[in-house]
Amino acid sequence: MTEGGQNQREHYRIFYRAPDQPVFQCDQGKFPVVDISEGGFRFAFKKGALFMEKDYLEGTIFFPNKRGSVFVKGQVLRVFDREIAVQLDAGGRIPLAKIMEEQRILIQKGKL
């Protein structure tokens, strides 16, 4: 926390709501993405966490409306409230250009 109680993050984060959510697909299934940043993402699950903290995972995030996909890999940071936070490895990060593209699209749609 910084002065004034503001939370400073290392990377800019984009938050998604249904029905505009990307989908994270891995060996364990397909999951709606809650947010993305260059260094990580969060996805939701409905029942029974398939991952635990410190588990390593990899898969692909597919963006809606044929906006492309990004291969990601990293380590589970937290499992909470039906969501899993993943910290991405250097070789499996979401490019800043993709983050900016998503931001522009969501602004144009009035969803950001």
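Author: In this predicted model, strands β2 and β3 form a hairpin with 2 residues between them.

Reader: In which sense do β2 and β3 pair, and over how many bridges?

Author: The pairing of β2 (residues 23-26) with β3 (residues 29-37) is antiparallel, over 4 bridges. Within β3, F31 is the bridge partner of F24. Strand β2 is also joined to β5 (residues 56-62) by 3 bridges, again running antiparallel. There, V23 stands opposite F62.

Reader: How many aromatic pairs does the structure hold?

Author: It holds 5 aromatic pairs. One of them is F24 with F41, a tilted pair at 5.0 Å centre to centre and 55° between the planes. Because F24 lies in β2 and F41 in β4 (residues 40-44), this pair ties together parts 17 residues apart in sequence. F41 counts as buried, at 1% relative accessibility.

Reader: What pair do F31 and F43 form?

Author: F31 and F43 form a tilted pair, 5.1 Å centre to centre with 40° between the planes. This pair links F31 in β3 to F43 in β4, 12 residues apart. F31 is buried at 9% relative accessible area, and F43 is buried at 0% relative accessibility.

Reader: Which residues do ring pairs link into a cluster?

Author: The cluster consists of F24, F31, F41, F43 and F51, linked by ring pairs.

Notes
Residues are numbered from 1 along each chain as its sequence is written. This is a predicted model: local features need pLDDT of at least 70, side-chain atom pairs count only at pLDDT 80 or more; totals for chains, interfaces and linings use all residues. Side-chain values use heavy atoms; hydrogens and water are left out. Two strands pair if DSSP finds at least two bridges between them. Rings of Phe, Tyr and Trp (its six-membered ring) pair if their centres lie within 6.5 Å; planes under 30 degrees apart count as stacked, over 60 as edge-to-face and the rest as tilted. Buried means under 20% relative accessible area, exposed over 50%, partly exposed in between (1.4 Å probe, protein chains only).
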